[in-house]
Every structure is written in structure tokens, then in C-alpha cells.
Amino acid sequence: MDNRLDVLKGRMSERLITVGESMGTLNFDSFSCTADVGCDHGYVSMYLVLAGISKSAIAMDLRKGPLSSAASNVAEFGIADKVQVRLSDGLLGLKAGEADSLVIAGMGGKLMLSILEKRDITALGIEAGVLQPQSDIPEFRGYMRGRGFEIVDEHMVFEDGKYYFPMVVSFTGDGKKYEASLEKLVGELAVSRDDALRLSDEYGLYNILRRDELLKSYLQHGREVGSSIITSLNKDQHPDRFREVATELSDIELLLDFFD
């Protein structure tokens, strides 16, 4: 019995396993090849191949150290014929038609945006993937919408005291699923479309609609932090910051009421 996938999962963090599993939720029988940017130890590339989610993968990193580690791991698991290790600055080392899917996980949001800006994703032939920014998450979601990249799902993870938001993205989608889900949120929360977009960018449209328990705890934590901040602010001396925190707290209360 081939237990390589179980062995690999024993080495992976819950965050990386969720990234891999999220790729499997896309409506593809199997991807042909996945570009794994910032691959580190190569675990996600290996997971996708061993789980049958992608027939092959290109594990890419701009650092030689992680690539050497990835190459050793790939060889250990006997899949060097399916997982290629490549030195690359973002997607600059990827040729058009080499990959039909993409994973970028564990980087700052602004860095990920710069990677996406430097290459034409659809011209490369990439149709879908999973993106997991570590920071600037509302701005990242807004960028996806602005570029016409459709977030079709999200799956929250809480690990080592931090919340993560892997996003399942269609780069060639028509946006219909997102639009329908957004309209549903407008109706269920009784808010305007603009407010629904703002809340979706901040917390994740699908996380809200499914009433994700991790989102609930994230909101409760945000309420504690926001309440502490606003009590220390002088409304007259810092009117903009006071208004910003007050709006955030109002949004949090609205969503927590939606959970109840």
C-alpha cells in the first residue's frame, strides 16, 4: 500500500494541507501542471501530485537553500519525474503553456500582488489556483476583484495563534458564482452592495455566508482589540482613526449577530 501521502501530511502544517486540499475543490478532474511559487520545502507540490490533484508540478523559489531541500524531499518520495524544482523570481521563470494552475502561499500580500502584476496570468495559460497572502488581505481581495479574478471559495485556518485565509481563485471565471453569492449576502445582511463588498473584502464572502466558526472567533478577537483601541482614543483629537475603528466595530457586531 502506498502511504507516501500520509507520511508527507505528517510533515506538513495544517495551513499547507488546507492549501493543497483547497486546490482539490476546483472543478477539474486533474490539473496538468501546477506552478508552486515560493515552494520552500516543496511540500505543496508533492501533496498535489501524490493526492492526484495535479499530474505534475514545478516547485519554484528564488532561494537556492529551499530549492535544495525541495529537491531532496522530491527525490526521497520518488516523484522527481513529476515534480520539477526550478530557481525563479516569482513567475518570471515560467514559460507560457507550462502550467495550468498556480499556488502562492505564505508570502506577504503586497509581494504576492507584485508577482501577479509582473506576468499576464491568463497568457501563461493558468486557469485557477490557490492564493494565501499573509498580510494586506482586504486589499488583496479587492485586487482580485479589480483584475477580474474570481474568488470562488475560501477556507480559514488557525495555526500557531494566527488566522490564515487560503483563497480558491479562478483566473478565467465569469464571476457568476461570486456575484450570486454577493447578492445573497446583500439580502441576508440587509445591507447595500457597497457594504457587502467592503465586508467581503475584509472577512471573505464565503467565510461569512457559511458562518465559519473560525471567522466567528476571528471577529470576537477583533471586537476585543477594537474595543481596547477605541477607549484609548480621543474622538476630537483623532477623529479619522476613531471613525475607522467605530466602523470596524459596527461591522463586527453586524456579522456576529448574523452568526447567532
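What follows takes up a helix pair and then a sheet.

Tutor: This is a predicted model, in which local features need pLDDT of at least 70, side-chain atom pairs count only at pLDDT 80 or more, and totals for chains, interfaces and linings use all residues. Residues are numbered from 1 along each chain as its sequence is written, and side-chain values use heavy atoms, with hydrogens and water left out.

Student: Why is H10 called roughly antiparallel to H11?

Tutor: The axes of H10 (residues 213–231) and H11 (residues 239–259), which come within 9 Å, cross at roughly 150 degrees. Because angles over 145 degrees count as roughly antiparallel, H10 is roughly antiparallel to H11. The crossing of H10 past H11 is left-handed, a term used if the near helix is turned anticlockwise from the far one by less than a right angle.

Student: What makes S3 and S6 edge strands?

Tutor: The open sheet has seven strands in the order S3-S2-S1-S4-S5-S9-S6, with mixed pairing. Strands S3 (83–87) and S6 (150–154) each have a single partner strand, so one side of each is left without a neighbour in the sheet. The twist averages 20 degrees from one strand to the next.

Student: How do you know that S2 and S3 pair?

Tutor: Pairing requires that DSSP finds at least two bridges between two strands. S2 (residues 57–61) and S3 have five bridges in the parallel sense, so by that definition they pair. Within S3, Val85 stands opposite Ala59.

Methods. Axes are lines fitted to C-alpha atoms, for helices over the stretch in contact, and angles run from 0 to 180 degrees between N-to-C directions. Helices (H or I, at least four residues) and strands (E, at least two) are DSSP runs, numbered from the N terminus. Angles under 35 degrees count as roughly parallel, over 145 as roughly antiparallel, 65 to 115 as roughly perpendicular and the rest as oblique.
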